[in-house]
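This briefing covers a ligand shell and some backbone features. The structure comes first, then the terms and the points.

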Amino acid sequence: MQTNFTAEQLRDPGIAASNQVLRTCVHCGFCTATCPTFVLLGDELDSPRGRIYLIKDMLESGRPATEDVARHVDRCLSCLSCMTTCPSGVHYMHLVDHARAVIEKTYVRPWHDRFLRSVLAAVLPHPGRMRAALAAARLGRPFVGLLPAGSVPGKRLRAMLALAPARLPGRSTLDGARVHKAEVTRRARVALLDGCAQRVLDPAINDATIRLLTRLGVEVVVARGAGCCGALTHHMGRHDPAMASARANIDAWTRETEGEGLDGIIVNTSGCGTTVKDYGFMFRSEPSPWRERAERVSALAVDISEFLSRIGYQPTREPPGLTVAYHSACSLQHGQRVTTEPKALLRKAGFRVVEPAEGHLCCGSAGTYNLLQPEIATRLRARKLENIRATKPDLIAAGNIGCLTQLAGGGVPAVHTVQLLDWMTGGPEPAALGAVATSSPAAR
Ligand code: SF4
Ligand code: SF4
């Protein structure tokens with residue numbers, strides 16, 4: 001694609017990077033067929049190619065983003081299905097991340113949109129605030145019917161209350177910064193990103209990860225000062241808070257790499273993993289030593305399923321005789337291109353793994369998307385659940401808390417892959433399995 005930026009514009013590192021991305025697009029349109037918003041809405045401007053043109057015009061003109069550009073870019077899930085499909089290797093993620101930051105800086109959103117985005121950015125990355133917000137949402141649930149169903153703020157509030165779990169799990173005894181020693185002779189030392197939202201919504205995921213790794217001879221460090229990866233604010237175009245979160249993590253993990261050393265930085269929420277693996281790019285224009293530190297952190301970042309495949313996994317329990325529908329989170333399959341490892345591990349653990357149709361399509365979770373775009377998110381959820389139920393599974397396994405929250409309450413229990421792997425090596429049965437698991441041979 002030909003671009004028309006001036007030399008002055010190209011001195012901006014963001015424009016320079018976007019220019020490179022734009023020039024790789026040959027506008028073939030292959031990506032449109034696998035884009036969830038194009039599949040649902042059928043509008044070229046809600047396809048990757050359409051958005052690429054809108055972003056190109058916005059950046060080249062140097063004018064503030066228009067309502068039209070903001071609407072179509074906001075509808076993008078950042079699922080990155082288009083990147084998997086694109087034969088030309090267009091790095092759509094870097095382009096849309098840059099576009100979101102420009103929109104955030106130049107477009108004045110309606111008051112309710114600005115307010116909601118500010119609340120989400122202020123609450124979600126902080127476990128204490130999020131716990132308090134979810135407790136308040138629980139109290140508000142009985143009044144959901146009183147909210148206006150026709151207005152945008154009303155729809156979003158309804159979506160928020162619907163997504164808030166009916167019961168909030170208590171704080172885990174394993175929660176917090178500390179070193180978890182290997183249970184057998186130490187073979188590796190890793191840092192675990194314990195994150196933000198996941199710690200509140202389902203602390204059992206981090207617990208299972210720590211138990212499984214230490215059981216396999218891995219020392220697990222939850223580094224002091226590390227926390228939210230920055231993805232939630234990054235995807236809202238809020239550059240400064242996203243960079244501040246990333247910097248805190250880079251700082252905390254650099255202390256570990258320069259201290260006792262690390263063999264990996266384990267991420268068990270694939271949405272966060274995609275961002276941590278991109279720190280090197282995010283810090284490309286930062287002064288030394290941040291650029292080099294960020295690159296080192298990105299090189300060490302690894303999804304839990306990748307790490308377990310690398311060090312070897314063996315179940316110690318009888319196969320449970322359960323059929324698992326593997327839901328491949330977009331951030332894992334498209335963002336990190338991790339596709340085979342989780343399924344191979346689940347099969348090794350003794351589960352029968354089935355793959356629902358349209359596995360490339362997003363479930364509608366996408367970070368804060370299900371709160372900001374509830375109508376599209378609800379349609380994608382229904383489509384995903386229908387495909388999953390058609391495989392007649394006992395349960396769903398996925399590697400991302402966002403997907404697990406989105407698919408909860410859909411008639412099939414949903415658990416993190418690592419919880420099943422932990423269970424099959426002596427860990428507790430995942431609570432979400434309830435009656436399904438208690439009737440399985442492994443639980444008897
Ligand atoms: S498939 Fe790739 S090259 Fe073709 S239009 Fe989409 S982004 Fe551009
Ligand atoms: S990231 Fe997903 S929603 Fe956005 S343009 Fe690409 S395929 Fe479509």
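Helices (H or I, at least four residues) and strands (E, at least two) are DSSP runs, numbered from the N terminus. The place of Ala366 is in the loop between strand S7 (352–354) and helix H21 (369–372). This is a predicted model, in which local features need pLDDT of at least 70, side-chain atom pairs count only at pLDDT 80 or more, and totals for chains, interfaces and linings use all residues. Residues are numbered from 1 along each chain as its sequence is written, while chains are lettered from A and ligands numbered from 1 in the order in which they are written.

**Shell around ligand 2**
- Ligand 2 is surrounded by 13 residues, where a residue is near a molecule if its C-beta atom, placed from the backbone, lies within 6 Å of it.
- The closest are Cys35, Pro48, Cys76, Cys79 and Cys82.
- At least two residues of this shell come from each of helix H3 (36–41), helix H4 (48–61) and helix H6 (81–85).
- By class, the shell has nine nonpolar residues, three polar and one charged; Ala, Val, Leu, Ile, Met, Phe, Trp, Tyr, Cys and Pro count as nonpolar, Asp, Glu, Lys and Arg as charged, and the others, Gly among them, as polar.

- Ser78, in the loop between helix H5 (67–74) and H6, has a positive phi of about 55 degrees although it is not a glycine.
- Ala366, also not a glycine, has a positive phi near 50 degrees.

**Burial**
- Ser78 counts as buried because 23 other C-beta atoms lie within 10 Å; the cut-offs are 20 or more for buried, 12 or fewer for exposed, and partly exposed in between, with C-beta atoms placed from the backbone.
- Ala366 is buried, with 27 other C-beta atoms within 10 Å.

**Cis peptide**
- Ser288 and Pro289 are joined by a cis peptide bond with omega about 5 degrees.
- Pro289 lies in the loop between helix H16 (279–282) and helix H17 (290–300).
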